[in-house]
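Please work through each task before reading its solution.

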Amino acid sequence: MKQLAIGLRELNSRMPPDDTRAAETLNLRGMLAMLRRQSRPLVIATAIGLGAGVAYLLTSPAQYYAASKVLVDEQLSRLTEEISTSDAAVRDDAALMNEVEVLKSQQLASAVIDDLDIAANPVLLDHPASGARRLLDGVVKPVAALLKPAQVTSDAADDPAATPAERAEQEKKALATKLAADIIVSPVGRSYVIEIGYMSHDPAFAARVANSYADAYLSDQLVANFSAKRRTAEWMQTRLVQLQSDAQAAELAVEAFKAEYGLIADRDQTRERVLAEQKLEEIEAELSRAQSVLDRAQSRADGYAQLLDGGAEAIADAVATASLPSNEGRLGDLASRYATASAAERNGLSQEIASELRSLSAAATRSVDNAAARVRQLTADRAEPAAKIDRITSAQIGLRELEQRAATLNGLFQSFSARREAIELQESFPVSSVRILTNAEVPKTAAAPNAVRILPVAMLLGTLVGLIFAIRREFRERFFRTGEDVHAVTGLPFLGYLPSVSPPRRSRATRRAAIRKSRSDKVPWQPEQIAPVLFEVLSEPHSMFVETLRNVRVAAELPGGGACRVIGVMSVLPGEGKTMTAGNLANLLSCSGARTLLIDCDLRRPGLSESLQVRSGPGLGQVLLGEAELGEAIRRVPATGLDILPCTRSALFGYASEILRLPRLKSVLDEARAQYEFIIFDLPPVGAVVDTKIVLPHLDSAVLVTEWGKTPRDLVCQQVLRDPLYRGKLLGVLLNKVRLKALAKYSDLDGAENYLNVYSDYRVAR
């Protein structure tokens, strides 16, 4: 459908624009118009698709479908879960799809083959092919055999040296692969129900396969559960032995650690640690006090030493500022006396003060030494209880770790023991998580081929093919179809449609008799009998064909001018009907009472003269060469009074362009203009020769005839419209050989082409 939409957009972009269509995008009307134009290929393709569907139904053998249903749910094993301590598994869509893959496995297919003994009758798995399949295989297989190189196989079934047992095993594997590919397994909605189906030409065999698959799946689940539990029990037994050994080793390690560190009981350890902590606290308090005493003694000793180091001046300053220690009795008295003494007395007092300071400094130094010794002693006493506390703490941590490991191993041993007992109990009481809900019954009616499905699909495919073909045809549409196309592409006026004109059916004998009469001198010349297509205006005067030619006459008379009109009728390609158009236009003008001359100007292939069986006598070539006069070469049609200047063949006509260049052409036309009201030129094809361009300057106007659905638009643009000489002479464009029944399909829904029947009824006289 995406390709169809792209194609329609491309088609709409190619359609000729006009005042309204230039801005119009693809819409429903455009699609309907395309479908109307291409209705035939659509109907044919749809019919072919329907026929192919019917042929498929008639040639396809009946196939019967049988199915069984199984439920996959862990809740079915609830009894086992209550006995054991394991948690129920949570089933999700992924787990359900795993079960689907198990059902499609080759292992399960092998079990079904053994159950039904299909290996003894492998033909049961061969489905009869439809006629379409046989036809396709008959074409594809030989081609594939030619294109595909021979392959060397190493299967035991194809190996001549293989034993009968190996061949039988390989054949069984091949049958299992084929059966697994044919089985139809699908979940039912969002439930945990799986449908197992099989299709066969034998309804009873289809039901047997479906039921055998369900039974094999149930057995496979039981065996799988039993095998899994057995493997788990064996592994747990090995693990239990290891856990028991590890637990015993952990208990022994605990006892050995207690014996090594003398840890008989936790209460003794705790009391010993408390005593050590109390002793450590006492030592810490005493050490703190001793450190304080040491600090004060050190401060006093430092003060005395500083005064002594300063000499007499420092001591005098200290006395003057009263900064000497006042708590020293004698030193205080000396300081007081020094403060009130005269200058002569102060010298002696200062000596006494210095002596006293030295005594005090020595005493302070001894106090520092004693305090420092006390601090060192207490620090040494603190190490013993601290070490004891650390030893007890480390021992307790190590013991706790060993006891914890021993407890963990004992717990694992107990848990594994209980789980193993539960698994052994499950082995003795197996419960599957699968049960069969529905057994397959022998089908009464065939499931395939299904006409309700095949026929609509075949019709749809045929319609799609038809749409693709229709779009391809639309892409290739490059011709003139409607007057709107003509105006949009050429920019010239559209003069009308000329419907296809078929000559009356006459036998060969009748036609030959008419030709013989025309050649006979005794019988008058009757061109309307020889070439009736040139005299359509006589047989159907009220037809659309004649009305279009009347429109050409009106268009030729509108610009005004002299008494004679010289009109050329030309085409781009041969065979587009310009000769028929020129002949009928000339007869129409002559029948209306206007003196008209029709000139066959195609010196190379004079189609008009050939149609009228004029092959001898003087013609246009002889007139232009001066070998005959204009009046001698003119032939008159008795029925319409039309004068015709034919073109009889001559050896010199290979130089047609040179003959048309002769000055004689202008003088001949001047002579004809004085005698006729209309002169119609049947010109050569524009794209083939240059003759038309030579004659064109002598014409008043020209009409371009294009064939409906055959003349390429681009060719007209290249050969005619790009030449200013042609564009200046053209009155407009005629569409010839129009199929009126198909014309309306190429126009808009409201276009004039849809009302041609109404116009035809109006033109009929009542």
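**Exercise 1.** Determine which residues form a nonpolar patch on the surface, and classify L32 by accessibility.

*Solution.* Step 1: the nonpolar patch on the surface consists of L28, M31, L32 and L35, which together have about 340 Å² of accessible area. Patch members have over 30% relative accessible area and no salt bridge; like charges are joined within 9 Å, and nonpolar side chains (Val, Leu, Ile, Met, Phe, Trp, Tyr) within 5 Å. Areas come from the Shrake-Rupley method with a 1.4 Å probe, and for residues only the protein chains shown count as cover.
Step 1: L32 belongs to helix α2 (residues 28-37); helices (H or I, at least four residues) and strands (E, at least two) are DSSP runs numbered from the N terminus.
Step 2: L32 counts as partly exposed because its relative accessibility is 41%; buried means under 20%, exposed over 50%, and partly exposed in between (1.4 Å probe, protein chains only).

The model is predicted: local features need pLDDT of at least 70, side-chain atom pairs count only at pLDDT 80 or more, and totals for chains, interfaces and linings use all residues. Residues are numbered from 1 along each chain as its sequence is written, and side-chain values use heavy atoms, leaving out hydrogens and water.

**Exercise 2.** Locate D602 and describe its surroundings.

*Solution.* Step 1: D602 sits in the loop between β7 (596-600) and α20 (607-611).
Step 1: D602 is buried but has no salt bridge, a term for a side-chain nitrogen of Lys or Arg within 4 Å of a carboxyl oxygen of Asp or Glu. The nearest side chain of opposite charge is K578, 4.3 Å away (Lys and Arg count as positive, Asp and Glu as negative; His and the chain ends are not counted).
Step 2: leaving aside residues up to four places away in sequence, D602 touches K578, C647, D682, P684 and P685, contact meaning heavy atoms within 4.5 Å.

**Exercise 3.** How many residues has the largest nonpolar core?

*Solution.* Step 1: the largest nonpolar core has 52 residues, a core being a set of buried Ala, Val, Leu, Ile, Met, Phe, Trp, Tyr and Cys residues joined through side-chain atoms within 4.5 Å.
Step 1: M570, L597, L645, I679, F681 and V720 have the most contacts inside this core.
Step 2: apart from it lies another core of 35 residues, including V501 and V614.
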